[in-house]
Amino acid sequence: MDEQERRMSEIRSNFSKGSGEYDQWIRRVIPRYDEMLDVLVSCVRYPEGRRLRAIDIGCGTGTLSAKLLASHPEVELACLDMTEDMLDVARERLNGHERVRYILHNLYEFEYDGPYDLIISSLALHHMVTDEDKMDQYRRIFQALAPGGSFFNADVVLASDERTQELYMEKWAEFMYQGLPRDEVDGSVLPRYHREDSPARLTDHLKWMKDAGFSRVDVIWKYYNFTVYGGWRCSVH
Ligand SMILES: C[S@@+](CC[C@H](N)C(=O)[O-])C[C@H]1O[C@@H](n2cnc3c(N)ncnc32)[C@H](O)[C@@H]1O
């Protein structure tokens, strides 16, 4: 088993075990989680009544998808995740929405069945192991978008220098200590972050998106190491 397979298998197993408590747990771990996802959804601006084709990659328990559907009920939405138990919770949450389908798949091997008008993601792409994996994913996302389509991501990132990174980690731990026992933060959540997650600098993400072909790349929201950014596939070249 190579590093990527080992990592994906560990991630799948941990999210699988924690799927039942995920929705409460994530709000204790990620500061301003709902605000961050709401900001992402507010970026979705298309002419009213247009039926959007969208996909939420790494949808987990479906919180971002639910927020998108609440503000754009007409959307035709695919919810993709590689962890079956997480996808099952999403299925329950979104039960009743007729135009939603579920894709159990690993993003590494997923052939996008586009074109999509909108691709969204929250707290998933930092699981891609290497910088090259992330660049490749941006290229594939770009290719899967229809002209005029957009991609928005809410995620954890690294600072551009060590001192700022220390500040980020300090502020993040401070937040988690308010909602979780100290030994859980220091003995479980942070070690898991260092073991399973591969965040990159925001400045690198923006460059990789531009290199992949995106235009109007921008950062819409940021709170220390958590951010929402995105870009467009221009309709005119
Ligand atoms: C931290 S959760 C985020 C879930 C949800 N988007 C949210 O904001 O609450 C990360 C999710 O990404 C999924 N994931 C991570 N790597 C993946 C990959 N390579 N392919 C598909 N799903 C992946 C995990 O299974 C997990 O459900």
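Q: Which residues of α6 are buried?

A: Buried means under 20% relative accessible area, exposed over 50% and partly exposed in between, with a 1.4 Å probe and protein chains only. In this predicted model, the buried residues of α6 are Asp-133, Lys-134, Gln-137, Tyr-138, Arg-140, Ile-141, Phe-142 and Ala-144. Local features here need pLDDT of at least 70, side-chain atom pairs count only at pLDDT 80 or more, and totals for chains, interfaces and linings use all residues. Residues are numbered from 1 along each chain as its sequence is written, and side-chain values use heavy atoms, with hydrogens and water left out.

Q: What do the buried residues of α6 pack against?

A: Contact means heavy atoms within 4.5 Å. Helices (H or I, at least four residues) and strands (E, at least two) are DSSP runs, numbered from the N terminus. The partners of the buried α6 residues are the strands β1 (53-57), β4 (116-122), β5 (145-156) and β7 (226-232), together with helix α9.

Q: How is the span of α6 to be read against the expected value?

A: The expected span of a helix is 1.5 Å times one less than its number of residues. With 14 residues, α6 reaches 20 Å from its first C-alpha to its last, close to the 20 Å expected.

Q: At what angle do α6 and α9 pack?

A: Axes are lines fitted to C-alpha atoms, for helices over the stretch in contact, and angles run from 0 to 180 degrees between N-to-C directions. Helix α6 (residues 131-144) packs on helix α9 (residues 202-212) at about 45°, and the axes are 9 Å apart. That makes α6 oblique to α9; angles under 35 degrees count as roughly parallel, over 145 as roughly antiparallel, 65 to 115 as roughly perpendicular and the rest as oblique.

Q: Which residues make this contact?

A: From α6 come Asp-131, Lys-134, Met-135, Tyr-138, Arg-139 and Phe-142, and from α9 His-205, Trp-208, Met-209 and Ala-212.

Q: Where does Arg-32 lie, and what is its phi?

A: Arg-32 is in the loop between α2 (22-29) and α3 (33-42). Although not a glycine, Arg-32 has a positive phi of about 60°. Arg-32 counts as partly exposed because its relative accessibility is 41%.

Q: Why does Tyr-224 count as partly exposed?

A: The reason is its relative accessibility of 29%. Tyr-224 has a positive phi of about 50°, although it is not a glycine, and lies in the loop between β6 (215-223) and β7.

Q: Which residues does the cis peptide bond join?

A: The bond joins Gly-114 and Pro-115, with omega about 5°. Pro-115 belongs to the loop between β3 (100-104) and β4.
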